[in-house]
Amino acid sequence: MFQLFQRKKEQLILFAPVKGKVVDITNVPDVVFSKKMLGDGLGVEPDENVITAPCDGTIILVAKTLHAVAIEAQGVEILIHIGIDTVMLDGRGFTPHVNMGDIVKQGDALITFDKDYILQQGKSVMTPIVLTNMEKSVNRIEKRFNSSDGTIMGIEVRK
């Protein structure tokens, strides 16, 4: 009964932007990510080659080198960084499907990448998904490593 008077907490659910094995951010083979210098999150070792929107939102970044894309949803900024050291590929092996300011729905294609090409260049395809403005917009996160519904993170949004 008293729950009627409690303020309902906002939830944001993130789906895997690419199918594959989900790992904690601390296991991503790059200290910028594993030490959470950009924020907390997860990594995905991709089985496929298309990055999709993990939730509904607005595209706030498409890197010039096409190796990263960010989406804003409910005030939370979500960076999807395709591979490790892939900025050095200068856009080769990546095809964007969105532009800055585009409104996307969960599951929309964001970027296609050539997994074989990236691996041939000696780069990892491990894909970090990082919440880059946690202090400002996130109260708490719940990481989901083996969900059967494709969800990878539940976020309690700070209002």
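Burial, salt bridges and a pocket

Biologist: Why does L66 count as buried?
Modeller: In this predicted model, L66 has a relative accessibility of 17%. Buried means under 20%, so L66 at 17% counts as buried.

Biologist: What makes D24 and K143 a salt bridge?
Modeller: The closest N and O atoms of D24 and K143 are 2.7 Å apart. The cut-off for a Lys nitrogen and an Asp carboxyl oxygen is within 4 Å, so the pair qualifies as a salt bridge. D24 lies in strand β2 and K143 in strand β12 (residues 138–143), so the pair ties together parts that are 119 residues apart in sequence.

Biologist: Why is D24 called buried?
Modeller: D24 has a relative accessible area of 16%, and buried means under 20%. D24 is therefore buried.

Biologist: How do you know that K36 forms a salt bridge with D40?
Modeller: Their closest N and O atoms are 3.6 Å apart, and the rule asks for within 4 Å. The pair therefore counts as a salt bridge.

Biologist: How is K143 connected with D40?
Modeller: The side chains of K143 and D40 meet in a salt bridge, at 2.7 Å from N to O. K143 lies in strand β12 and D40 in strand β3, so this pair ties together parts that are 103 residues apart in sequence.

Biologist: Which residues are linked in a network of salt bridges?
Modeller: D24, K36, D40 and K143 are linked in this way. The count for the model comes to six salt bridges.

Biologist: What makes L38 a member of a nonpolar patch on the surface?
Modeller: L38 has a relative accessible area of 35%. The patch consists of V31, V32, M37 and L38, with about 340 Å² of accessible area together. L38 is found in the loop between α1 (31–34) and β3 (40–46).

Biologist: What is the volume of the largest pocket, and which residues are closest to its centre?
Modeller: The volume is about 230 Å³. Of the 16 residues that line the pocket, A16, V18, K19, G20 and G150 are the closest to its centre.

Biologist: What supplies the lining of the largest pocket, and how do its residues divide?
Modeller: β2 (20–24) and β13 (151–157) each supply at least two residues. The largest share, three residues, comes from β2. By type, the lining divides into eight nonpolar, five polar and three charged residues.

Terms used. Residues are numbered from 1 along each chain as its sequence is written. This is a predicted model: local features need pLDDT of at least 70, side-chain atom pairs count only at pLDDT 80 or more; totals for chains, interfaces and linings use all residues. Side-chain values use heavy atoms; hydrogens and water are left out. On a 1 Å grid over the protein atoms alone, a cavity is a set of points where a 1.4 Å probe fits but cannot get out, and a pocket is an open set with protein on both sides within 12 Å along at least five of seven lines; lining residues have an atom within 4 Å of a point. Grid points are joined across faces, edges and corners, and a volume is the space filled by probe spheres set on the points. Helices (H or I, at least four residues) and strands (E, at least two) are DSSP runs, numbered from the N terminus. Ala, Val, Leu, Ile, Met, Phe, Trp, Tyr, Cys and Pro count as nonpolar, Asp, Glu, Lys and Arg as charged, and the others, Gly among them, as polar. Patches are made of residues with over 30% relative accessible area and no salt bridge: like charges are joined within 9 Å, nonpolar side chains (Val, Leu, Ile, Met, Phe, Trp, Tyr) within 5 Å. Accessible areas come from the Shrake-Rupley method with a 1.4 Å probe; for residues, only the protein chains shown count as cover. Buried means under 20% relative accessible area, exposed over 50%, partly exposed in between (1.4 Å probe, protein chains only).
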